[in-house]
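Please read the following note with the model open beside you. It begins with the ligand and its surroundings and then turns to the chain as a whole.

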Amino acid sequence: MAKSGKPKSKAKTSDLHFYHLGFSKSKIAKLHITKALLSGDPARAERIAKKYLKKPKRIADHRGLSFWIGQLKDGEWVLSATSGMGAPSASIIFNELVQAGIRTVIRIGTTGAIQEGISVGEVIISQAALCRQGAALDIAPVEFPAAADPEMTMRLVLAAREKAIPAHIGVTASVDTFYEGQERTSSSANSRLIRSMQGVTDEYRDLGILNYEMESGTLFKMGLIYKVSVACICGVIAQRRASERVDQKMIRVAEDRAIQIAVHALGIKT
Ligand code: URA
């Protein structure tokens, strides 16, 4: 009882605030948001929301990562989130997104293709990853499979077909570093590679691996362990048969194709 004799007002129900996301659970829970598009680059997360979602609204801009909400065509609210670069950052964001209520994640990334017959500007849908990432070792034994959610992956494949965008489906090498770990020497500050990295691209090519990127392996493992559906689509911005370098002119084309497919796939109902 308060001094005035009036009963004390009930304490507000606590709203979980996420340290790394910079927003609270209620921000997305009140709109029943359970699906997220996850980009490494905050500018891509913003573009997805502004160009491909209805009623885009930024809900947080924290540690250089931006978080947006917006509606799909049918009015369903979704999140366009940023993971930052690499698996350690992506693992933290993924963990907090799941705590916030997210149950489906499509990573929209960029990638370097290592096989012949894949061109810059096309997209790669990962069915599984060779996971060479330290963060994943904190979460599961090295042998734990890094497999994408089959249903969401199928939706990405269907969406690519419906949009008539060339898409390659296969295994991705998900590694921790852009330079040494992807066997870059001529475009790197360090031209010397440790023995285990010398020839690794040829080895992966011989195994049929399609591409390099830096987050999907850990996210796939986390998805399986947390029982959250995770899929990954990347726009090809480097063709490693031709060059180590990223094709700057094709970044926007490749990203936009991957985004169009992912947004369409999120809206496919079973
Ligand atoms: N992202 C990567 O990890 N590698 C590339 O070559 C391009 C984008």
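**Notes on the ligand site and the chain**

1. A nitrogen atom of the ligand lies 2.8 Å from an N or O atom in the side chain of Gln182, a polar contact in the sense of a pair of N or O atoms within 3.5 Å. An oxygen atom of the ligand is found 2.6 Å from an N or O atom in the side chain of Arg184, and an oxygen atom of the ligand is 3.4 Å from a polar backbone atom of Gly112. The protein buries 94% of the 240 Å² that the ligand exposes when taken alone, with accessible areas from the Shrake-Rupley method and a 1.4 Å probe.

2. This is a predicted model, in which local features need pLDDT of at least 70 and side-chain atom pairs count only at pLDDT 80 or more, while totals for chains, interfaces and linings use all residues. Residues are numbered from 1 along each chain as its sequence is written, and side-chain values use heavy atoms, with hydrogens and water left out.

3. The shell around the ligand, meaning residues with a heavy atom within 4 Å of it, includes Phe178, Tyr212, Met214 and Ile237. By type, the shell divides into five nonpolar, four polar and two charged residues, where Gly counts as polar and Tyr as nonpolar.

4. Strand 5 (104-113), strand 8 (211-213) and strand 9 (229-239) each supply at least two residues of this shell, and strand 5 gives the largest share, three residues. Strands are DSSP runs of E with at least two residues, and helices are runs of H or I with at least four.

5. The chain holds eight helices and nine strands. Its radius of gyration, taken over C-alpha atoms, is 20 Å, close to the 18 Å that the globule rule (2.2 Å times the number of residues to the power 0.38) gives for 270 residues, so the chain is as compact as a globular protein of that length.

Conventions:
A polar contact is a pair of N or O atoms within 3.5 Å; within protein, one must be able to donate a hydrogen and the other to accept it, and residues adjacent in sequence count only if both atoms are side-chain atoms.
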